[in-house]
Structure formats: C-alpha cells, structure tokens
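Subject: Structure handover

Hello,

Here is the structure I promised you. Please open it first, then read my notes below.

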Amino acid sequence: MAQALRALIAAALLAIALASPPAAAVAVGPRAPSWAELSPSDREVLAPLATEWDSLDPARRQKWMGIAKRYPKLAPAEQQRVQEQMGAWIRLTPDQRRQAREQYKSLKQLPPEKRQDVQQKWQEYQQLPPEKRRELSSRPPTTQLPPPEKRREPDSRSGAPPAAKP
C-alpha cells in the first residue's frame with residue numbers, strides 16, 4: 001500500500017514536472033499512432049509502455065508522444081528518471097492511475113508556493129535512507145486538523161461542540 005502511494009506521488013510529480021506548455025507538448029488530432037507506426041527513436045523512449053501502447057486511448061498516447069518528443073532535450077539523469085517513472089506508471093493498476101491523475105489535478109490547483117512546498121517535501125523524502133522511508137511508509141496516515149478558523153472548540157459550559165457557524 002505504501003509503495004503504491006509512493007508510486008502515485010511519484011507519478012503525479014512526474015506529470016507536474018513534464019507538464020510545461022501542454023499545448024506545445026500534445027499534438028492535436030483524434031488519432032495517435034499504433035506501436036508499429038512509431039519511429040524507432042520514439043519506440044526506444046516509450047519502451048516501458050510497449051505492451052500496453054495499443055490499448056491506450058488516443059489522448060493518452062498523444063501525451064506520451066509529447067514526453068517522447070521532449071526526451072532528447074533532457075539531461076541524462078532526467079532521461080533515466082523518466083524511464084523509471086514510465087515503468088512505475090505502467091505497473092500501476094487502472095484505479096491507481098486514476099488516483100494519480102486526480103492527485104495531479106488537485107496539486108495543479110494548489111497555489112504555486114504550496115505546490116513548491118509539496119515538491120520540496122517529496123525531494124526531502126526521496127533523500128531519506130531506504131530504511132527510514134520504509135518506516136515512514138509503514139505508519140498509518142496521519143489525519144490533519146482543519147485550519148484553526150475551521151475548528152470548533154467545545155462550549156465551555158457544557159463541553160459540547162458549539163453549533164456550526166454559517
């Protein structure tokens with residue numbers, strides 16, 4: 001479960017990192033090429049997706065094609081990261097992929113400073129030794145309290161929560 005959560009977070013962060021100008025990255029058109037129609041260089045970049053490529057819907061293929069087009073311009077370390085993330089993505093179940101997409105959408109709606117904070121925390125997590133990451137991932141998720149202005153303090157006379165304010 002924790003490994004799947006890490007994969008979801010990694011996929012969402014990959015999507016954020018690679019989401020720069022989506023209009024330029026995604027080719028317009030209803031049809032995307034089949035695996036056999038891809039160029040040899042695109043097949044090499046998209047190799048982790050080979051087994052599922054032809055079952056992907058055209059919009060998803062177009063998005064992956066956008067990544068493949070940007071791939072040669074990436075630094076070698078980034079290229080390796082993209083390859084690893086593609087492999088992680090393809091190993092996710094359809095439900096986990098849906099969750100990752102939803103998480104990505106919610107991250108995109110965060111203000112830039114909060115989004116940067118999430119990215120920084122993820123990078124800090126990635127720098128932890130594997131045993132510490134395992135320890136953290138085995139813990140049950142912590143529940144976050146709502147912001148102080150949304151918390152309801154107990155009524156001092158009865159101990160019961162006050163009526164909700166409109």
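A residue is called buried under 20% relative accessible area, exposed over 50%, and partly exposed in between (1.4 Å probe, protein chains only). With a relative accessibility of 47%, S41 therefore counts as partly exposed.

Two notes on the source. This is a predicted model, where local features need pLDDT of at least 70, side-chain atom pairs count only at pLDDT 80 or more, and totals for chains, interfaces and linings use all residues. Residues are numbered from 1 along each chain as its sequence is written, and side-chain values use heavy atoms, with hydrogens and water left out.

**The whole chain**

The chain has eight helices and zero strands. Helices (H or I, at least four residues) and strands (E, at least two) are DSSP runs, numbered from the N terminus. In order from the N terminus, the elements read α-α-α-α-α-α-α-α. The chain has 166 residues, and 28% of them are buried. Its accessible surface is about 11700 Å², with 57% of that belonging to carbon and sulfur atoms. Those areas come from the Shrake-Rupley method with a 1.4 Å probe; for residues, only the protein chains shown count as cover.

Contact means heavy atoms within 4.5 Å. Take the contacts in the chain with a separation of 6 or more: 55% of them join residues 24 or more positions apart.

**Helix α3**

Start with S41, which sits in helix α3. Its side chain makes a polar contact of 3.2 Å with the side chain of S39. A polar contact is a pair of N or O atoms within 3.5 Å; within protein, one must be able to donate a hydrogen and the other to accept it, and residues adjacent in sequence count only if both atoms are side-chain atoms. S41 and K69 lie 28 residues apart in sequence, yet their C-alpha atoms are 9.5 Å apart in space.

Next is D42, also in helix α3 (residues 40–45). Is D42 buried or exposed? D42 is buried, because its relative accessible area is 6%. Neighbours within four places aside, D42 is in contact with M65, A68 and K69.

R43 belongs to helix α3 too. R43 is partly exposed, because its relative accessible area is 26%. Beyond its neighbours within four places in sequence, R43 touches W35, A36 and L38. From R43 to A68 is 25 residues in sequence and 8.8 Å in space, C-alpha to C-alpha.

**The core and helix α5**

A nonpolar core is a set of buried Ala, Val, Leu, Ile, Met, Phe, Trp, Tyr and Cys residues joined through side-chain atoms within 4.5 Å. The largest one has 18 residues; L38, V45, L46, L49, W53, W64 and M86 touch the most other members. The elements giving two or more residues to this core are α4 (58–70) and α5.

Helix α5 (residues 76–91) has 16 residues, so at 1.5 Å a residue it should span 22 Å. The expected span is 1.5 Å times one less than the number of residues. The end C-alpha atoms of α5 are 23 Å apart, which agrees. Buried residues in α5 include V82, M86, W89 and I90.

**Aromatic pairs**

Rings of Phe, Tyr and Trp (its six-membered ring) pair if their centres lie within 6.5 Å; planes under 30 degrees apart count as stacked, over 60 as edge-to-face and the rest as tilted. That rule gives two aromatic pairs. One of them is W122 with Y125, stacked at 5.3 Å centre to centre with 25 degrees between the planes. W122 and Y125 are about one helical turn apart, because three residues separate them in helix α7 (residues 112–127). W122 is buried at 13% relative accessibility, and Y125 is buried at 15%.

Best wishes
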